[in-house]
Amino acid sequence: MLATLFSLSAALPASVSTDNSWINFDVTSLLQNFWPATFDGLTFGAIYALIALGYTLVYGVLNLINFAHSEVFIMGCYGVVFTLTSLGFGPNAPNLSIWAIIFNLILAMLVGMVFSVVTAFVVERVAYRPLRRRGASRLAFLITALGASFSIQYLIFLVRGSNAEPAVTMFIPTPIFQVFGAIIDSQQLTIVIAAIVMMVATDQYIRRTRVGRGIRAVAQDPDTATLMGVNKDRIIVTTFVIGGILAGAAALFYVMKVPSGVIYNGGFVLGIKAFAAAVLGGIGNVRGALLGGLLIGVIGNYGQLLLGDSQWTDVVAFIVLVLVLLIRPSGLLGQTLGRSRA
Amino acid sequence: MSEQTPVRTTRAVQLTESREALGGRKQFLGGWRRRWNRMARWQQWLFLIIVLAAVYYLPVANPWLITTEPGNDFPIACFQMAVYALVAVGLNVVVGFAGLLDLGYIAFFAIGSYTAAFFTSPDSSLIHIPYLWTLPLALGIAMLFGVALGLPTLRLRGDYLAIVTLGFGEIIRILATIIPAARGQVGFKEVGHPPGTASDGQPIFSVSNGVPWYWLAVTVIIVILLLVGNLERSRVGRAWIAIREDEDAAEIMGVPTFKFKLWAFAIGAGVGGLSGALFAGQVGFVNNQKFDVATSMLFVAAVVLGGSGNKVGAILGGAIVAYIPLRFTAIADYKYLIFGIILIVLMIFRPQGLVAAKAHLLTYSRLALDKVSEFRAARVASEQEKAAAAEAAKGVPNE
């Protein structure tokens, strides 16, 4: 099921072997498609990075792996798909002027953001805030996060069923230019540039604004921050909301890239990969999330080419996570949210 | 008036202390534990034997109202409950005792199932061994995987373990799908079963007959409970509780936390593998479909619902989580939603679960418990006497 979600746009001959072998390496395929796979991986990586930011910010402030963030993201995807479907988009690309398409996409992104933000807000209010009030243990927080994640997943399952939403095509990717013989199309360019702009904006927001200073203060020391007049609860909600906004943006790009990938449990593995990206870059580190996301995207694509099945991307991402934890647990840029200075 | 106050306080202290010593704060099912602790040894044995007999008799009795028929065959439902209970007992070692959140426990269950399949199914090209030998083998192989996964991650903070195990659970399922030797959805047919033929020539342990499988599973649970119970009452168990309560403090007090966390993880993984092998034997067929991470969530829900850190609670939780979707087939589709919400609500209102973990004097016998509470009562009484004497001494000159 998830196999279809992560398949490369460049269709590769799937090396299905009938014998009882374990793992086949396909080095020629990797070398032949190296650059297309790199750029495609960067596109996926930009999406992972946007989701990873949500994990990283909440982890920085609450020291909690917010398992429900993958559902915050998938709710955004539903918002995007519903909007586009009601605007008349379907499996075939619409025949609209470029400005009309851009307007529609921004509208869809805003609706996706609203879906994500509302989900994140509700999770924080219903699940995490009562626990904070009671001073619950770390394990209790993690189990609650897990429970929230599954509750939302199967709530979606109840309403929308086990099938993926019908595909929505926003526009046909057109080639723009070539690098190392690999064609870069308008879709890849849109996703990567938009994602990087959003990441830079988030980074600057946290570094330069008053709220950003509050977030960093709470990440450093919640109690002292409270004594200094920071409203901790409000900062935590703000952090969830920022994560939700970024997840909503990621939702638009994800639907753009994988039109038929909106399914009730579609966020789950993506969430694990995004978290792996956050850890790879250094959890709590905003710039690390970008680096980690891009790396996970690219490495996953190489793994898929080398090993011959699209599901290997998930396995490779996971192995990368374990290796990073083994060699450099603090991540590549290894910095926490609290220590980053303006 | 004012002279009376210290006496009253000590009496209050005495009351609370003896209550704490005798089984924790006032709580749901707390009375049961107090009653249990007050029973004589022979009464406890008698009670246990009656409960065990009832447990063994359950699938044959097929009691009205409790039965899962006509929706699901009751003996097989009992077997599934027993497997879930065994899983919960194993996961309880990891989550309940050592306080490590393992979200990919299904992976070890899958490893156990595939071990049984690889070594007994005619579809596998590996050497074939009798089914009963695959049970210890599954335990050992799952333990090895547990160590391999625990070594890089257990040195880190607990939450990394949660995400790594979650990923591991998903990865094992994916590997079962994409590695040709694991046969994906085609799977392995005719997984072995224990020897023995009934009078009609059919094997005793057949796929359709749940009763012998249930008895086997319950026996395995009892053996595992004895082993785990002994560990719990030993130095190892005390180390686990110390790690769960405060890892840094435990490390400072000289507990080699990494070593004991790895042990907990490996033992938990081993029990998971064992239950997987049992399950594979009864179903007789193993493919990649049963091992999704959602089921892993059910396992965690079983431990948390029953009461993490309590063996009886874990068994109860496992049985409930397996039983509810089988009995109430109308809500079976919503089980993930129901148990997801139960997790959130439990963590807010009753984080200790149905049967709370013993908080006090875990490592001592009941006699020691009595002795300590007697000692406390005696000390409080002597303090009271002293206070009374002081009062009297104060009072005399006044008169």
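Student: How are residues and chains labelled, and which atoms and confidence limits apply?
Tutor: Residues are numbered from 1 along each chain as its sequence is written, while chains are lettered from A and ligands numbered from 1 in the order in which they are written. In this predicted model, local features need pLDDT of at least 70 and side-chain atom pairs count only at pLDDT 80 or more, whereas totals for chains, interfaces and linings use all residues; side-chain values use heavy atoms, with hydrogens and water left out.

Student: How many helices and strands does chain B have?
Tutor: Helices (H or I, at least four residues) and strands (E, at least two) are DSSP runs, numbered from the N terminus. By that rule, the secondary structure of chain B comes to 15 helices and zero strands.

Student: What percentage of the residues in chain B is buried?
Tutor: Buried means under 20% relative accessible area, exposed over 50%, and partly exposed in between, with a 1.4 Å probe and protein chains only. Chain B has 399 residues, and the buried share of them is 50%.

Student: How many residues of chain A are in contact with chain B?
Tutor: Contact means heavy atoms within 4.5 Å. On the side of chain B, 45 residues take part, and the number in chain A is 47.

Student: What area do chain B and chain A bury between them?
Tutor: Buried area is the accessible area (1.4 Å probe) that two parts lose on being put together, summed over both. Carbon and sulfur atoms hold 80% of it, and the total for chain B and chain A is about 4200 Å².

Student: Which three residues supply more of the area that chain B buries against chain A than any other three?
Tutor: Their share of the area that chain B buries against chain A is 15%. The three residues are B:Tyr160, B:Ile163 and B:Ile348.

Student: Which helix gives the most to the side of chain B that touches chain A?
Tutor: Helices α6 (131-153), α7 (158-178), α12 (293-306) and α14 (335-349) of chain B each supply at least two residues of that side. With 15 residues, the helix that gives the most is α7(B).

Student: With which residue does A:Arg287 form a salt bridge?
Tutor: Side chains of opposite charge can pair when their charged atoms come close. A:Arg287 is partly exposed at 43% relative accessible area and lies in helix α11 (residues 286-307) of chain A, while its partner lies in helix α6 of chain A, so the pair ties together parts 84 residues apart in sequence. The closest N and O atoms are 2.8 Å apart, and the partner is A:Asp203.

Student: Which residue pairs with B:Glu232 in a salt bridge?
Tutor: B:Glu232 counts as buried at 5% relative accessibility. B:Glu232 is in helix α8 (residues 210-233) and its partner is in helix α13 (residues 311-327) of chain B, 79 residues apart. The closest N and O atoms are 2.6 Å apart, and the partner is B:Lys311.

Student: Is A:Gln187 buried or exposed, and which backbone oxygen does its side chain reach?
Tutor: A:Gln187 has its place in helix α6 (residues 186-208) of chain A. Its relative accessible area is 10%, so A:Gln187 is buried. At 2.8 Å, its side chain reaches the backbone oxygen of A:Met256.

Student: What is the phi of A:Asn63?
Tutor: A:Asn63 is found in the loop between α2 (34-62) and α3 (69-86) of chain A, and with a relative accessible area of 39% it is partly exposed. Although A:Asn63 is not a glycine, its phi is positive, at about 55°.

How values were computed
Polar contact = N/O pair within 3.5 Å; in protein donor to acceptor, adjacent residues only side chain to side chain. Salt bridge = Lys/Arg side-chain N within 4 Å of Asp/Glu carboxyl O.
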